[in-house]
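Hi everyone, thanks for coming.

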Amino acid sequence: MFKRIFSKKNRVLLAELVRTDFKLRYQGSALGYIWSLLRPLLLFTILYLVFIKFLKVNYGVPHSAVYLLMGIVLWNFFLELTAGSIGSIVGRGDLIRKIRIPRWLIVVSTSLSAVISLLLNIVVIGVFMTLNHVAVSVDILWFPLILLELYIFGMGIALFLSAAFVRYRDVTYIWEVTCQALFYLTPLLYPVAKLHWPIIREIIFLSPLSQTIQEARYTVVTKQTYTVFQAFHNNLLTVIPMAITIIVFIIGVTYFRKRSLTFAEDI
Amino acid sequence: MNDDVVIKVDLVSKTFRLPHEKNSSLKGLVLNFYKGKRTYETQQVLKAISFEIKRGEFFGIVGRNGSGKSTLLKILAGIYFPTEGEIHISGRLTPFIELGVGFSPELTGRENVFLNGSLLGFNRKEMSSMYDDIVEFAELHRFMDQKLKNYSSGMQVRLAFSIAIRANPDILLLDEVLAVGDAAFQKKCYEYFMELKKNKKTVVLVTHDMGAVRQYCDSAIMIEDGVIIKQGKAEVIAQAYQKLFATEAEAAMKKEMQFKTKIAKEDRWGSGSLMVDKSTINLNDDEVTISVTYIANRKIDPPILGFNIYDSAGTDIVEGNTQRSRKKTYPMEPGEKVIIKWQIPNIFKDDSYNISLSCCDQSTVNFYDWFNKANSFTISRGSPTAAIVAPKVTIKSYSKINGSAE
């Protein structure tokens, strides 16, 4: 099965679709590719000034700026991955109606654009880390795995949404509102450790988003990060967000496979 | 499956769901679900179709618009999935059925070559080695670094075709490929097809063009309303297809002829609630009398009855109706007849005249009957004139005027 999924044909097509996406994105802009680094850099500067300098958000951890950035970067990655994929199938309707290509390839190619943005953003984080003299520990080796979990979670949602969008155009708005709720459910702008009721902390950490973002902060930025292991004292419960990730992914893939049979007719 | 059979279509049916009103919103879905209403109807486009295509065969699928032939091709290509039945294919298939699919207008010709190549499964390195040949074949050297949106449609097709023939699949699916391109390009297509035939490639061609069927295809099927109505040698199918259209054209022509003769014979229109039954004309030197019988086919309110007289040039000479003459008419019951006699002073010059008879309701909007050339008469007094009418002109008196000297 893996051989079929990663056949040469699929790899070649995927590479070319991603390349096209990337090329078209910065077409007609004077600075071109520079924007892909400049844009996050400028956005981070604003966030830094607003939250760290003026609002003086106190996470109660060292390297607050990098801590904040890490959360925002991963959140943006999730947002770009899911919201960006919603229209991917419909947007490539011309291909789907006239050519036999694996439909999931289109969603994956869109998701890879988000991955590229993420990698560039991580480079920018690296710059901020150096400026902040963040000490890197061996735990950073976990970081790619954490990103993979976030990617799998996002991919499950992206597959589901893009397939549902073919039939129901409401999906965009529903997801927009859901993301707004998820934004506040994820400890991006507030220190989760300082929340009074343990039950709320537990609810927050059911979300794979909270789990991955906090663990990314833990492994890369500071050991003082409040993670899922502190939220749930029972170690067995700490696998819940991971289980949710896998369940969401399976549901997404299953629904996508079922619906993809009639994409060509429904678009 | 026989080794020689590369495509085997086994009782394939395809049913589309046609939404009455496309339900692209959850609200509509919920509402309709709540009401228990069916929001779509089904349309069976293909009905249990079976056929086989042998290795090396040039196979035609012909049929009218909407017969289901393109749906069939899309099923063969794996773009649609059959609702019922199965398809067995052995060998590599072209992934697309049209030229230029996946072209991006914002990219240059060069970039599109690589993008399109990737749809065929070629990586950058492989495409690079073929690139010069492709450009050569398409004759587009000067344009490769321009954006595709600046290409003419002919140039786009040339480029697409040049890439497509690199695919080198075992089975080629083509939908109306010959409809585009100029004569020189069509010649290239022709040469390419001949080469395919020589190399014993299997080609499935969907087309309206019986010339192409005769020229390239070995065998073909004709589809009508989702079923195969004829299957056999290309020539037989081409003839059957043309005959289908010929008989239809003939029938249509006959109908039109009947209509035309009817119109020519009886140039009339109207609802027919009240109709001119017959008319007679009496002529003498002083008067023209037109007697018209009307028959009612429905119960109607008092109508307006009228006539017009035209000369041979079509000029409306005289017009008259009951409203103008302030004559009250009768309401009428179905089957009832009335007779009206018009008397007109004979002012007509030497010519032939046509009479139109008409009847309408009091609003003069709804015409029951307007009957052009319902009757005619000819005047020949032997004194032609260029004037429009020739009323009787008499000389009342004629005398010298005297007494001025007195």
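This is a predicted model: local features need pLDDT of at least 70, side-chain atom pairs count only at pLDDT 80 or more; totals for chains, interfaces and linings use all residues.

Let's begin with helix α8 of chain A, which runs over residues 143-167. It has 25 residues. From the first C-alpha to the last it reaches 37 Å, which is close to the 36 Å expected at 1.5 Å a residue. Is this helix mostly covered, or mostly uncovered? α8(A) is mostly covered, with 19 of its 25 residues buried.

One of the helices to look at beside it is α7 of chain A, residues 104-132. For α7(A) and α8(A), the axes come within 10 Å and cross at roughly 130°. The two helices are therefore oblique to each other. As for handedness, the crossing of α7(A) and α8(A) is right-handed.

Which residues make that contact? On the α7(A) side we have A:W104, A:V107 and A:S111, and on the α8(A) side A:M155, A:A158, A:L159 and A:S162. Sorted by class, this contact has five nonpolar and two polar residues, with no charged ones. Here is a handy thing to remember when you look at lists like that: an α-helix has 3.6 residues a turn, so residues three or four places apart point the same way.

Now for the two single residues. If you follow the chain between α7 and α8 of chain A, you pass through a loop, and A:W142 sits in it. Is A:W142 buried or partly exposed? It has 14 C-beta neighbours inside 10 Å, so A:W142 counts as partly exposed. Between the C-alpha atoms of A:W142 and A:L236 there are 20 Å, and the two residues are 94 apart along the chain.

The other residue is A:Y226, in the loop between α11 (208-220) and α12 (228-231) of chain A. Why does A:Y226 count as buried? Because A:Y226 has 23 C-beta neighbours inside 10 Å, and the cut-off for buried is 20 or more. Leaving aside residues up to four places away in sequence, A:Y226 touches A:V192, A:A193 and A:Q214. From A:I96, which is 130 residues away along the chain, A:Y226 is separated by 45 Å, C-alpha to C-alpha.

Let's cross over to chain B. Where the two chains meet, 25 residues of chain B are in contact with 22 residues of chain A. Which helix gives the most to chain B's side? Helix α3 of chain B, residues 109-119, gives the most, with four residues. By class, the side of chain B that touches chain A has 15 nonpolar residues, eight polar and two charged.

Looking at chain B as a whole, there are eight helices and 16 strands. Of the 406 residues in chain B, 31% are buried. And among contacts in chain B between residues at least 6 apart in sequence, 70% join residues at least 24 apart.

Back to α3(B), which also packs against helix α4 of chain B, residues 124-138. Their axes are 10 Å apart, at an angle of about 120°. That makes α3(B) and α4(B) oblique to each other, and α3(B) passes α4(B) in a right-handed crossing. In this contact, B:V113, B:F114 and B:G117 of α3(B) meet B:R124, B:M127, B:Y131 and B:I134 of α4(B). By class, that contact has five nonpolar, one polar and one charged residues.

Last stop: backbone angles. Most residues other than glycine have a negative phi. B:E139 is a non-glycine residue with a positive phi, near 55°. B:E139 lies in the loop between α4 and α5 (153-164) of chain B, and with 15 C-beta neighbours inside 10 Å it counts as partly exposed. B:R326 is not a glycine either, and has a positive phi of about 50°. Its loop runs between β13 (316-321) and β14 (337-345) of chain B. B:R326 counts as exposed, because it has 6 C-beta neighbours inside 10 Å.

Terms used. Residues are numbered from 1 along each chain as its sequence is written. Chains are lettered from A and ligands numbered from 1 in the order in which they are written. The expected span of a helix is 1.5 Å times one less than its number of residues. A residue is buried if 20 or more other C-beta atoms lie within 10 Å of its own, exposed if 12 or fewer, and partly exposed in between; C-beta atoms are placed from the backbone. Two residues are in contact if their C-beta atoms, placed from the backbone, lie within 7 Å. Ala, Val, Leu, Ile, Met, Phe, Trp, Tyr, Cys and Pro count as nonpolar, Asp, Glu, Lys and Arg as charged, and the others, Gly among them, as polar. Axes are lines fitted to C-alpha atoms, for helices over the stretch in contact, and angles run from 0 to 180 degrees between N-to-C directions. Angles under 35 degrees count as roughly parallel, over 145 as roughly antiparallel, 65 to 115 as roughly perpendicular and the rest as oblique. A crossing is left-handed if the near helix is turned anticlockwise from the far one by less than a right angle, and right-handed if clockwise.
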